[in-house]
Amino acid sequence: PKMRRLIACAVRPAQVGGLGRFCQQSYRKTLPVLSLCVPRRGFAVGAEASEAKDAALEQVESPVESEAPWTSQALRDEATAMRRNMKISPRKLNDIARQIRGLSCEEAMIQLTLSQKPKSEWVLKIVQNAVNNAVTNFNMDPERLYIDEVQVGKGKYRKSLRFHAKGRFGKGNVYFAHLSLKVKEQPWEEGEERIGRRGRKIETIRRMKQSHDEVYSKYASVLADFEDEEDRLRGD
């Protein structure tokens with residue numbers, strides 16, 4: 001009878017009393033597996049009943065865990081890159097760094113490539129150096145890297161003259177700045193939406209790549225036909 005009540009909890013936990021509520025709260029993920037131990041109609045007796053009971057208890061005590069489709073092989077948790085004494089003010093450099101904080105490295109490089117800021121090429125090289133360090137030295141997965149931290153600091157500065165009208169002049173400063181960048185490898189999580197803290201979702205990037213591949217394949221086929229036609233005309 002106890003075994004039948006346990007099976008009933010697995011199949012219809014809401015229709016049984018206290019035992020059903022206990023099973024529904026404690027073993028919600030493993031309950032559907034219990035209905036496979038004993039046939040639905042009739043019940044076994046003697047040795048068969050004890051074997052079925054032991055199998056059911058083993059499944060309850062050791063729930064089946066789904067393996068992650070990706071495991072990290074990284075040697076370290078993070079990788080860094082730095083550049084000092086860049087000829088730019090810290091405030092202007094921080095405007096560029098604010099664009100890529102929390103993004104995946106792939107999307108950050110796209111944003112820096114398309115950015116209109118004059119010094120975004122410098123930051124792009126620093127991101128590429130950090131990714132190369134992570135992949136080459138620490139065996140990280142480049143597709144799961146994201147920018148965890150970007151720090152901008154004030155460097156040395158020198159004084160200069162600012163010339164005004166009527167032969168007058170004033171004092172000015174030429175600023176320099178430091179930039180340090182840290183990238184990390186995002187661990188796998190079930191139902192994850194994006195790589196990094198913000199940015200485009202994984203489904204959006206996959207859909208954009210698919211559409212890009214379709215357009216490129218059509219363009220490549222048209223270009224191949226055009227080249228064949230050109231060769232044919234030249235041959236004639």
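Arg 98 and Asp 95 sit three residues apart, about one turn, in helix α5 (residues 90–100); helices here are DSSP runs of H or I with at least four residues, strands are E runs of at least two, and both are numbered from the N terminus. Welcome to a predicted model, in which local features need pLDDT of at least 70, side-chain atom pairs count only at pLDDT 80 or more, and totals for chains, interfaces and linings use all residues. Residues are numbered from 1 along each chain as its sequence is written, and side-chain values use heavy atoms, leaving out hydrogens and water.

**Overall layout**
- The protein chain has eight helices and three strands, in the order α-α-α-α-β-α-α-α-β-β-α from the N terminus.
- Of its 236 residues, 27% are buried (buried is under 20% relative accessible area, exposed is over 50%, and partly exposed is in between, with a 1.4 Å probe and protein chains only).

**The β2–β3 hairpin**
- Strands β2 (residues 145–163) and β3 (residues 169–185) run antiparallel and are joined by 16 bridges; strands pair if DSSP finds at least two bridges between them.
- Five residues separate the two strands of this hairpin, and Lys 166 in the turn has a positive phi of about 60°.
- Phe 163 has Phe 169 of β3 as its bridge partner.

**Salt bridges**
- The whole structure holds 11 salt bridges (a side-chain nitrogen of Lys or Arg within 4 Å of a carboxyl oxygen of Asp or Glu).
- One of them joins the side chains of Arg 98 and Asp 95 at 2.8 Å, N to O; Arg 98 is partly exposed at 48%, and Asp 95 is partly exposed at 27%.
- Another joins Arg 200 to Glu 107 at 3.4 Å, N to O. Arg 200 is in the loop between β3 and α8 and Glu 107 is in helix α6 (residues 105–114), so the pair ties together parts 93 residues apart in sequence.
- Glu 107 is buried, with a relative accessible area of 6%, while Arg 200 is partly exposed at 28%.
- Asp 148 forms a salt bridge with Arg 197, with the closest N and O atoms 3.3 Å apart. This pair links strand β2 to the loop between β3 and α8, across 49 residues.

**A surface patch on nonpolar side chains**
- Tyr 216, Tyr 219, Leu 223 and Phe 226 make a nonpolar surface patch of about 480 Å²; areas come from the Shrake-Rupley method with a 1.4 Å probe, and for residues only the protein chains shown count as cover.
- Patch residues have over 30% relative accessible area and no salt bridge, with like charges joined within 9 Å and nonpolar side chains (Val, Leu, Ile, Met, Phe, Trp, Tyr) within 5 Å.
- Leu 223 belongs to helix α8 and is partly exposed at 35% relative accessibility.
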